[in-house]
Amino acid sequence: MARQRTPEGPPPAPAVQKLRIRYAKRGRLRFSSTRDFSRALERALRRADVPMAFSAGFHPHPLISYANAAPTGTASEAEYFEIRVTERVEPEAVRAALDEALPEGLDVLEVVPAGPGALADRLEASEWRLVVRGAEPGVVRDAVTAFLATEVAEATRTFKTGPRTFDTRGPVLAMEVTGVDEEGCAILRMVVRHTTPSVRPDDILTALRAVTGFSPPVPPLVTRLAQGPLLDATAGVADPLAADKDAAGHG
């Protein structure tokens, strides 16, 4: 019987604290992928001297977990990840050091000690803002009205397992033109329930074209404003870190 190999040296120090972190992806950094961000984050954690906990085994890696990242090319004010550390730290000090160590456009907004419950379970829906460039606001409003009036609006996307067709209408809980920006472009707000597969803004635009014939002349500027627990009464999105802040004793 082969003897089981074990890594040499002492086991990694145990994690004593878990932190939940919200960050924004802005400007040209909206084109960074999840892999790009994870590399930048690991470098920033080292530069910021955060006492990271590591996994055991032959290839230890920092204990970081990511939650429902926005698609590459979209900006976001509400991206989340968790880290585990081997010493108790001051969350605000970690926020400031990590924000300083990350590239401009990847901005650390909040760090809170993790309370009970899983963060992923709280991310039920996202609120999106789309600036629809090159189209008359009235035309966009008419397309939204037609989309909301339909029962099913399908889109097809290619996954690792191949093409898959799915409904985009059901997950859209709210969709409205809320006004125009300084250049007269329609601002479209959408609240979308998280599903499997996830329904992304570009999927909804694909279905919008199929259902109504409307297609933005140029790609819209897409920003995720929030993701978190769903407020059913208002089709809004609550703060997923609220329970952690309450448990830590600050609002």
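The structure is a predicted model, in which local features need pLDDT of at least 70, side-chain atom pairs count only at pLDDT 80 or more, and totals for chains, interfaces and linings use all residues. Residues are numbered from 1 along each chain as its sequence is written, and side-chain values use heavy atoms, with hydrogens and water left out.

Phe 37, Ser 38, Ala 40, Leu 41, Ala 44 and Leu 45 of α1 are buried (under 20% relative accessible area with a 1.4 Å probe and protein chains only; exposed is over 50%, partly exposed in between). Seen down the axis, the buried residues fall within an arc of 170°, so they line one face of α1 (the arc is that of the directions from the helix axis to the C-beta atoms). The face turned away carries the exposed Arg 35, Arg 46 and Arg 47.

The largest nonpolar core has 25 residues, and Val 140, Phe 147, Met 175, Leu 188, Met 190 and Ile 204 touch the most other members (a core is a set of buried Ala, Val, Leu, Ile, Met, Phe, Trp, Tyr and Cys residues joined through side-chain atoms within 4.5 Å). Apart from it lies another core of 24 residues, among them Leu 29 and Ile 64.

Finally, Asp 107 lies in strand β4, residues 106-113. Asp 107 counts as buried because its relative accessibility is 17%.

Conventions. Helix = DSSP H or I, 4+ residues; strand = E, 2+ residues; numbered from the N terminus.
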